[in-house]
Amino acid sequence: MQINSLINTLPNKLLRKTTKFLAKQEQSESLSHVRFVQDTVTNLIPKATFARSFADLSENSFQEIGESVLVYYTPKLLGNGVFRPLYQRGLDAAAKQKISTPMTELNKDASIAAEKLKELKPIKAAIAASCLIIPLAEYALCYLKNLFTLKVFHQADFNNIANLNKDKKKIEQRARQEKVKKSAINHMIGAAAAFGGCLATSILLVKRGKNSKALQKLSDFILTPGSVLFKNNEKKAATVNKYFSLDFRDDKGQLSLSHGQLTSCVLLGGAGYFGSSADRGKQNFLETLFRFPLVGFYVVTGSEMFERGFKKLLLKKESFQDTISKDLKVPSYKELPELAKKLAEKNKTSVENEFAKLCKQKALITSVPFLFGMLFMGMFVAGVSRAFTQYRYNQEQKNMPSNLIERVKVKGMQ
């Protein structure tokens, strides 16, 4: 039976809708759209729930939606649509098909001649270097958010944006507004200049990379940094390649966001978060200092660790041993009909019953990590960070002499 026919036999409406949604998520052509909605909702709903003012809600919505667009749409748009066709023009048809294959796999492919590898490597590195515009844009977005709030709400002081000063007249210091505006413009120009450097490097790699030892080494560092840094330690090399390589992931011949590129987004995005928050005051910086390391770690590796741990826990139960293999792989939805048929023959039951069991297990395996990310990393971290910020602000006000508070008010009105 076809999977769509089996889905229609599922016993309840919620399971049918969940299975259709998750099955669609596994299709590469819909992955960007589903992940965009999933991650935006996971990050934005908690921040919206604990929003302290309309300005706070608006700037968080602006940044979260902007980040999701950058991460889930621009890699494919720029990698496949712009830089790949531009840089691979000098390659033959066979080499062009290899561009999407990660360099770690190409290095192990004995069928590729060394000379052809020398030609492919700098082209792949050039595409990766040019696509650093994505994390650089995320860095700049943090400062663009500050300009957005300043322009729309005429606020640059985080104490006012976050509505921390509930009992007093909100005062904006013109000096802080000018500082925030100037810093934002300067950092956005800096990000643009950095991209210009990446673009120049990419052009150099395309033009001279094949015959230059220095550019070949640079290409190796961009695509396989672990193999360069840990030549005699395969385990360390594999780990560094996974988390820090700027090479793309292969998605059926198309360039797709890799783990290493996600790390670059988190690291450069973090630099932007900290810098832009420091411009708007102590409390904004301290709130970022509390929240970002937790969220950043979870995005890069924590979610994967939680998912693996959860699968190991389920694997101990006999009922999940048909769904989760010893190496923690889970069959795709396309594979479930055949698996259900085999289990039905083995257990003397119907294919429909076995398929329903498999779908319930797949839904559990997928949903629990997602809910953990939303409820704990989203709701809990957002709620606690905001509560700590209010507490720190209140303590700061208690410890500030009353005459100093008056001087701050007068200075702010000047």
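This is a short chat about three loop residues, S245, L328 and K348, in a predicted model.

Reader: Let's start with S245. Where does S245 lie?

Author: S245 sits in a loop. That loop runs between α14 (234-244) and β1 (249-251).

Reader: Does S245 count as buried or exposed?

Author: Buried. Its relative accessibility is 6%, and buried means under 20%.

Reader: OK. What does the side chain of S245 reach?

Author: The backbone oxygen of L223. The distance is 2.5 Å in this predicted model.

Reader: And which residues is S245 in contact with, leaving aside neighbours within four places in sequence?

Author: I222, L223, T224 and P225 are among them.

Reader: New topic. What is the phi of L328?

Author: Positive, at about 70°. L328 has this although it is not a glycine.

Reader: Which loop is L328 in?

Author: The one between α16 (282-315) and α17 (336-347).

Reader: Why is L328 called buried?

Author: Because its relative accessible area is 7%, and the cut-off for buried is under 20%.

Reader: Where is K348 found?

Author: In the loop between α17 and α18 (351-399).

Reader: Is K348 buried or exposed?

Author: Exposed. K348 has a relative accessible area of 73%, and exposed means over 50%. L328, by contrast, is buried.

Terms used
Residues are numbered from 1 along each chain as its sequence is written. This is a predicted model: local features need pLDDT of at least 70, side-chain atom pairs count only at pLDDT 80 or more; totals for chains, interfaces and linings use all residues. Side-chain values use heavy atoms; hydrogens and water are left out. Helices (H or I, at least four residues) and strands (E, at least two) are DSSP runs, numbered from the N terminus. Buried means under 20% relative accessible area, exposed over 50%, partly exposed in between (1.4 Å probe, protein chains only). A polar contact is a pair of N or O atoms within 3.5 Å; within protein, one must be able to donate a hydrogen and the other to accept it, and residues adjacent in sequence count only if both atoms are side-chain atoms. Contact means heavy atoms within 4.5 Å.
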